Amino acid sequence: MPDRARLESSQRATTAVVGVVLLTGLTVALVAVVAGAVGGIDTGRLTPTPSVAHSTATFETGPSVGCGENVVRVTHEGGDPIEPETLAIVVSLPARDASARIRGLPVAGTQLADENVVDDDHNAVYDNCVGGVVADGGRRWSAGTAVAIQLNAGGGTIRPGDSIEVTIVHEPTGSVVVRETITAA
């Protein structure tokens with residue numbers, strides 16, 4: 001009988017050791033999963049979305065001479081300054097089923113290259129002409145400064161009462177920073 005008592009004692013000791021080993025292994029596995037999840041977050045690569053607290057938009061009509069007339073002008077009225085290199089501008093003319101996406105800003109002068117504009121067959125953007133902070137080498141779009149795009153108002157593309165929608169996107173984050181709708185006068 002003494003052997004039986006020793007055997008039961010030995011089995012109990014083995015069960016305790018196995019339990020401790022299993023709990024330790026489980027703890028190590030959980031720590032590895034949590035560390036991997038936390039370590040996988042690279043806060044250095046997260047780009048904050050800039051905020052334009054307020055903006056105004058106008059459509060200035062008149063003869064198409066240079067970039068001074070038939071221009072949509074979106075003025076930054078407050079919020080974070082934004083580098084023009086990070087902007088894409090979408091102009092839509094819903095009544096004409098026309099739109100254009102402008103990217104690759106700023107430009108050296110006032111003329112966009114063909115690769116800067118994705119425009120449908122309706123030619124929403126006239127002569128690929130831009131002004132303001134996205135022209136002449138660019139500067140930060142900040143309070144009091146504007147982005148200007150000359151639209152194709154000739155030939156009846158834009159009529160009084162038509163809506164002009166302008167969306168400005170911060171490309172690194174894909175976030176819309178401005179959405180304005182203007183009614184052509």
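Residues are numbered from 1 along each chain as its sequence is written. Because the model is predicted, local features need pLDDT of at least 70 and side-chain atom pairs count only at pLDDT 80 or more, while totals for chains, interfaces and linings use all residues; side-chain values use heavy atoms, without hydrogens and water.

Helices (H or I, at least four residues) and strands (E, at least two) are DSSP runs, numbered from the N terminus. Along the sequence, the pattern is α-β-β-β-β-β-β-β-β-β. Of the 185 residues, 34% count as buried. Buried means under 20% relative accessible area, exposed over 50%, and partly exposed in between (1.4 Å probe, protein chains only).

Five strands form an open sheet in the order β5-β4-β3-β8-β9, with antiparallel pairing. Two strands pair if DSSP finds at least two bridges between them. The edge strands, β5 (117–119) and β9 (175–183), each pair on one side only. Neighbouring strands of the sheet are turned by 15° against each other on average, direction ignored. Such angles use axes fitted as lines to C-alpha atoms, for helices over the stretch in contact, and run from 0 to 180 degrees between N-to-C directions.

Strand β3 (residues 87–93) pairs with β8 (residues 163–170) in the antiparallel sense over six bridges. Within this pairing, Val90 has Thr167 of β8 as its bridge partner. Strand β8 also pairs with β9, again antiparallel, over eight bridges. Here Ile164 stands opposite Ile182 in β9. The β8–β9 hairpin has four residues between the strands, and Gly174 takes a positive phi near 70°.

The largest nonpolar core has 35 residues. Such a core is a set of buried Ala, Val, Leu, Ile, Met, Phe, Trp, Tyr and Cys residues joined through side-chain atoms within 4.5 Å. Ile89, Trp141, Ile149, Leu151, Ile164 and Ile168 have the most contacts inside it. Several strands supply at least two core residues each, among them β1 (52–60), β2 (71–79) and β6 (125–132). The largest share, four residues, comes from β3.

On the surface, Leu23, Leu26 and Leu30 form a nonpolar patch with about 320 Å² of accessible area together. Patch residues have over 30% relative accessible area and no salt bridge; like charges are joined within 9 Å, nonpolar side chains (Val, Leu, Ile, Met, Phe, Trp, Tyr) within 5 Å. A salt bridge is a side-chain nitrogen of Lys or Arg within 4 Å of a carboxyl oxygen of Asp or Glu. Areas come from the Shrake-Rupley method with a 1.4 Å probe; for residues, only the protein chains shown count as cover. Leu30 lies in helix α1 (residues 2–39). Leu30 counts as exposed because its relative accessibility is 52%.
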